Amino acid sequence: MICQMPAGSTHSETTHSGRLLTVEVRSFTDDDGRAVVREIVHHPGAVVIVPVLDDDRVVLIRNHRIAVDEVLWELPAGTMEPGEEPAATAARELTEETGYAARHVTALTQFYTSPGFCDELLHVFVAEDLSFVGQDLDAGETIEVVELPRDETLAMIDDGRIRDGKTIAGLLQWQRVREARAGGAAP
């Protein structure tokens, strides 16, 4: 049975409203009359970019993530500003985090990061024909840029060095599209 919220029987309360996220507690009655309470994190949406150099190396970053207190291997990514188109966010974040600008930014896919509790929609792009223009990091960011062969980045998923979900999804989708183009088939 799929639980859908009947019109008029929901109650919603914002319990946190921060700079980036809003947390809503939504209460409703399911089809069987049971009380249900869900916490929902509202997020403005974000992008992840697969930057590919002409020699098929991928630009990854090493980024300390406070939430897990680890330095992670990641693709560059960032949150969309109000009214900003995803492709513009991708171009901006690519330069800010890696120092590269792209002549071509192409959409690959989009997905919800954790729809069990969050409405964040992540837009995945591939960035090609790159030129180095210099990093423009936000306050508090310390990001190391590393250029690695495509095969090594994929091996890093297999051996567990890459543990960031958006990076895994972005790299695998890019590889899938790349293979489909090489074989002449549409992805």
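Author: Helix H1 gives the most to the lining of the largest pocket, with 4 residues; helices (H or I, at least four residues) and strands (E, at least two) are DSSP runs, numbered from the N terminus. This is a predicted model, in which local features need pLDDT of at least 70, side-chain atom pairs count only at pLDDT 80 or more, and totals for chains, interfaces and linings use all residues. Residues are numbered from 1 along each chain as its sequence is written, and side-chain values use heavy atoms, with hydrogens and water left out.

Reader: What is the volume of the largest pocket?

Author: A pocket is an open set of points on a 1 Å grid over the protein atoms alone, where a 1.4 Å probe fits, with protein on both sides within 12 Å along at least five of seven lines; lining residues have an atom within 4 Å of a point. Grid points are joined across faces, edges and corners, and a volume is the space filled by probe spheres set on the points. For the largest pocket, that space is about 1,300 Å³.

Reader: How many charged residues are in the lining of the largest pocket?

Author: Asp, Glu, Lys and Arg count as charged, Ala, Val, Leu, Ile, Met, Phe, Trp, Tyr, Cys and Pro as nonpolar, and the others, Gly among them, as polar. The lining consists of 42 residues, and those nearest the centre include Arg 65 and Lys 166. By class it has 17 nonpolar and 10 polar residues, and the number of charged ones is 15.

Reader: Is Glu 74 buried or exposed, and what is its relative accessible area?

Author: Glu 74 is found in strand E6. Buried means under 20% relative accessible area, exposed over 50%, and partly exposed in between (1.4 Å probe, protein chains only). Glu 74 is therefore buried, its relative accessible area being 1%.

Reader: Which side chain does the side chain of Glu 74 join in a polar contact of 2.9 Å?

Author: Leaving aside neighbours within four places in sequence, Glu 74 is in contact (heavy atoms within 4.5 Å) with residues including Asn 63, Arg 65 and Lys 166. A polar contact is a pair of N or O atoms within 3.5 Å; within protein, one must be able to donate a hydrogen and the other to accept it, and residues adjacent in sequence count only if both atoms are side-chain atoms. At 2.9 Å, the partner of Glu 74 is Lys 166.

Reader: Which element gives the most to the lining of the second largest pocket?

Author: The second largest pocket has a volume of about 170 Å³. Its lining has 11 residues, with Ile 40 among the closest to the centre. With 3 residues, the element that gives the most is E3.
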